[in-house]
Amino acid sequence: MAFSENKGSVVIQTAGLTKRYGELTAVDHLNMEVCKGEIFGLLGPNGAGKTTTTLMLLGLTQPDEGVATINGLDCTRDPIEVKKTVGYLPDNVGFYGSMTGRENLRFMGRINGLEKEELENRIDGLLERVGLTEAADKKASAYSRGMRQRLGIADVLMKEPDIIIMDEPTLGIDPEGVRELMWLIRDLADSDGKTILLSSHQLYQVQRVCDRMGIFVQGQMVACGTLEELGQQINSSGVNTVELAAYPDNIKLLDILKEINGVMEIEKNSDLYIIRSSYDLRRALSKKLTERGYTIMHLRQAGSDLDEIYRKYFEKNGGKDGEDDREGKKRDKKLSRPQSAV
Ligand code: ATP
């Protein structure tokens, strides 16, 4: 879905949003727009500034500079009004384990001023919506993490927010649970028109569910767009990268690869050749290797999935995936490259 081409109205907006903790700039002049009915992924490793951004949107921490608005309301000045339209799902939802899923929802519903029939009807509808009808009367302590997240979504939906902010929703959930959760999140946007901002470092899940993504590195959003747009931006350098494994993997193979027109650089990582070239040479490569009697075991144009796109952005901006990237500037970037250069 190309939201950048066909935008709804902007509901979440940040302009120059900045948060410092002493010397550290956790969020650095963030400009972000999320449109109505859109699922927007804030993507970055631990310590990139995702949670800090979320906290500023919820009015739970004050920015040092810039402004964040939701539905035109200033998140810092009007946090109570903002919270009326926003539901927040933290990464580790807390429930009373000794109470059932239904009882937990009832408890939250009452806090939100719902009573009797209206409350019970809403609970039934929400349990159905998140696929927990059968497990409704089991104790929450017996729920899997995926079920707890779905109960968390039901809890968030209790007050019928237009906007839902989710922090690492897929963390610690098995693949089947992730699939169900992603389906639910997608449906909340598609069927109910909810606007969803989710932060995650789990790229694969995000890739599947988000309309657009913002890549966060060291407090800065270094790129933003649909998966296709991100791929185009990062691949506009004119360098194509292809991964190849062929049999037999002998010394002659390397010589043949070097002879192919347009090849700029070849690296070898275990049994995989990583070939950089000035154009997409997959066709030329397979023709030449087949002619010479080689069998191609693996041939893939790199840079076409989010992991690859993300890694490229991340390397370009001096970070290292999976760790607190504040250390990234000090690190030798070669560490994240294939081990032996040919
Ligand atoms: P994670 O998924 O690990 O929470 P994140 O992308 O959400 O990562 P933040 O939690 O926003 O990142 O943290 C951004 C940076 O700000 C980190 O370096 C973190 O150590 C720092 N930070 C966050 N909160 C505080 C605080 N209250 N005091 C000082 N530093 C903080």
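The second largest pocket of this predicted model holds about 330 Å³ of space. Its lining counts 18 residues, and those closest to the pocket centre are Tyr88, Pro90, Met108, Asp155 and Val156. Three elements each supply at least two lining residues: strand 6 (86-89), helix 3 (101-111) and helix 5 (145-157). By residue type, the lining of this pocket divides into 11 nonpolar, 4 polar and 3 charged.

The largest nonpolar core has 48 residues. Ile153, Ile185, Ile196 and Leu198 have the most contacts inside it. Helix 6 (residues 175-190) gives the most to this core, with 7 residues. A second, separate core has 22 residues, including Leu17, Met32, Cys75 and Leu197. In soluble globular proteins, nonpolar side chains tend to be buried together.

What does Ile196 touch, leaving aside residues up to four places away in sequence? Its partners are Glu38, Ile39, Phe40, Ile164, Met166, Ile185, Leu188 and Ala189.

Now the charged pairs. The model has 22 salt bridges. Three of them are set out here.

| Salt bridge | N to O distance |
|---|---|
| Arg102 and Asp124 | 2.8 Å |
| Arg292 and Glu259 | 3.5 Å |
| Glu267 and Arg276 | 2.9 Å |

Arg102 pairs with Asp124. Arg102 counts as buried because its relative accessibility is 17%, under the 20% cut-off. Asp124, at 40% relative accessibility, counts as partly exposed. Arg102 and Asp124 also belong to a network of salt bridges with Asp137.

The Arg292 and Glu259 side chains meet in another salt bridge. This pair links distant parts of the chain, 33 residues apart. Arg292 sits in the loop between helix 10 (282-291) and strand 14, and Glu259 sits in helix 9 (residues 251-259). Arg292 is partly exposed, with a relative accessible area of 45%. Glu259 is partly exposed too, at 47%.

Are Glu267 and Arg276 buried or exposed? Glu267 is buried, with a relative accessible area of 7%. Arg276 also counts as buried, at 18% relative accessibility.

Ala302 is found between strand 14 (295-301) and helix 11 (306-316). Why does Ala302 count as buried? Because its relative accessibility is 4%, and buried means under 20%. The C-alpha atoms of Ala302 and Glu243 are separated by 6.7 Å, although the two residues are 59 residues apart along the chain.

Note on methods: Residues are numbered from 1 along each chain as its sequence is written. This is a predicted model: local features need pLDDT of at least 70, side-chain atom pairs count only at pLDDT 80 or more; totals for chains, interfaces and linings use all residues. Side-chain values use heavy atoms; hydrogens and water are left out. On a 1 Å grid over the protein atoms alone, a cavity is a set of points where a 1.4 Å probe fits but cannot get out, and a pocket is an open set with protein on both sides within 12 Å along at least five of seven lines; lining residues have an atom within 4 Å of a point. Grid points are joined across faces, edges and corners, and a volume is the space filled by probe spheres set on the points. Helices (H or I, at least four residues) and strands (E, at least two) are DSSP runs, numbered from the N terminus. Ala, Val, Leu, Ile, Met, Phe, Trp, Tyr, Cys and Pro count as nonpolar, Asp, Glu, Lys and Arg as charged, and the others, Gly among them, as polar. A nonpolar core is a set of buried Ala, Val, Leu, Ile, Met, Phe, Trp, Tyr and Cys residues joined through side-chain atoms within 4.5 Å. Buried means under 20% relative accessible area, exposed over 50%, partly exposed in between (1.4 Å probe, protein chains only). Contact means heavy atoms within 4.5 Å. A salt bridge is a side-chain nitrogen of Lys or Arg within 4 Å of a carboxyl oxygen of Asp or Glu.
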